[in-house]
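These are my notes from an afternoon with one model. I wrote down what I looked up, entry by entry.

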Amino acid sequence: MSNICKDAVTESHPMNGGDGTYSYTKNSYFQKSATNVARCMIHNAVADKLDISQLFSNFATSSSNTFRIADLGCSIGPNTFTAMQNVQEAIQHKYRLSQSRPHNSSSSSSLAMPEFQVFFNDHVTNDFNTLFSSLAASERPYFTAGVPGSFHGRLFPSSSLHFVHSSLALHWLSTMPKELVDENSPAWNRSKVHYTNAPNEVYKAYEAQFGRDMAQFLEARAIELVVGGLMVLIMPAVPNNVPLSQMPLGVIYGLLGCVLMDLSKEGFISESEVDSFNLPVYVVSPKEMIGIIERNGCFSIEIIELYKPMSSVNNGEITPLTVTMHLRAAMEGIIIKHFGTEIIDELFHRIHKKMEELSNQLQPRTKEGTQLFLVLKRKSS
Ligand code: SAH
């Protein structure tokens, strides 16, 4: 076997598994709200941009009529199940519409509704047991498979996917640039844990790493998606030319750094431990994403929209406590890996208190959205 399937060199930081107090399952309704808001957008994207006759014409000449969908960075559920249901329903709806048009002479008019297969992808360290248990517990109108590995490398055979979906996963970097922890580099990120409010060299190192990661992601998907196949990407984002420090996520990452520095001053951890810790997440702007996609050259940008993800979440649910719990479900693993378990309760207790003081800053300070909705189509060349 060629090394094509070898896992991409990547660090993994899975969300908290299981269904306990700090689990992702119990603390991911901000992400759930993103999925719910995206439902309509996905329906419209499939209705307007998916060329059913192009995709289904292959089925006429092949013995298989399987429509293959992948959710990349699916975590442990339940949001991935909702998202996959949305995608499947949108495609079925489009298919029925195309069948009901009497003048439709394309080959799709004589085909049965395809069977659907959904691939759930995440890092090998993801809690796939929790994901699979939920799948087993209920009937789903599609065949399923788990695909462990990094989406920064190849995961599927050539031209085997018709639809790729990824929600709130692509901001995770595959690795941290070495210069961030090099005392002799201008990008040494001393006493900070992110590029928010850090020197420009730090930001540049993150930006370059994100550019490399996205280039690899798009290269792999360009091989795996059939021509005409769609890719829906939902990502945390900043409006063009707005620094992350002005957005709630930037405030939260800055606050995490401050609390870790407080703990180092009080002797819970050493300052060098804080210096050598950096959150591997990058928040992109629409302009940057357009540049990266154009450099890859294999996809047309069908839709790009910055939107507000929270419109379906009750305002009452966004409290300092819920934000702290979400941060913990997502970041506890990576923090424990670096600092150990001893500080974890104290750290999040202090973060919660600080968030209460800063709660007015947890609202976006721009009128624009904080999430990017992208629909890309695999071009033919
Ligand atoms: N899409 C889900 C999960 C979002 S959490 C939802 O909307 O609820 C982000 C997920 O992306 C995590 O489970 C994390 O492990 C996964 N992830 C991050 N980098 C990844 C990579 N390189 N390859 C595969 N999965 C990755």
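How many of the residues of strand 4 (residues 161-167) are buried? I went through the strand and got 7 of 7, so mostly covered by the definition of buried as under 20% relative accessible area. I note here that the model is predicted.

Entry on the neighbours of strand 4. I looked up its pairing with strand 1 (residues 66-72) and found 3 bridges, with the two strands running parallel. One pair I wrote down is Ala70 with Val164, the latter in strand 4. I then turned to strand 5 (residues 225-236), which is joined to strand 4 by 6 bridges and is also parallel to strand 4. Here I noted Ser166, whose bridge partner in strand 5 is Leu233.

I picked the second largest pocket, with a volume of about 310 Å³. Its lining has 21 residues, and the closest to the pocket centre are Tyr203, Val238, Val242, Pro243 and Leu244. I checked which elements give two or more residues to this lining, and they are helix 5 (200-224) and helix 8 (286-296). Helix 5 gives the most, with 3 residues.

I sorted its residues into 11 nonpolar, 7 polar and 3 charged.

Technical notes. Residues are numbered from 1 along each chain as its sequence is written. This is a predicted model: local features need pLDDT of at least 70, side-chain atom pairs count only at pLDDT 80 or more; totals for chains, interfaces and linings use all residues. Side-chain values use heavy atoms; hydrogens and water are left out. On a 1 Å grid over the protein atoms alone, a cavity is a set of points where a 1.4 Å probe fits but cannot get out, and a pocket is an open set with protein on both sides within 12 Å along at least five of seven lines; lining residues have an atom within 4 Å of a point. Grid points are joined across faces, edges and corners, and a volume is the space filled by probe spheres set on the points. Helices (H or I, at least four residues) and strands (E, at least two) are DSSP runs, numbered from the N terminus. Ala, Val, Leu, Ile, Met, Phe, Trp, Tyr, Cys and Pro count as nonpolar, Asp, Glu, Lys and Arg as charged, and the others, Gly among them, as polar. Buried means under 20% relative accessible area, exposed over 50%, partly exposed in between (1.4 Å probe, protein chains only). Two strands pair if DSSP finds at least two bridges between them.
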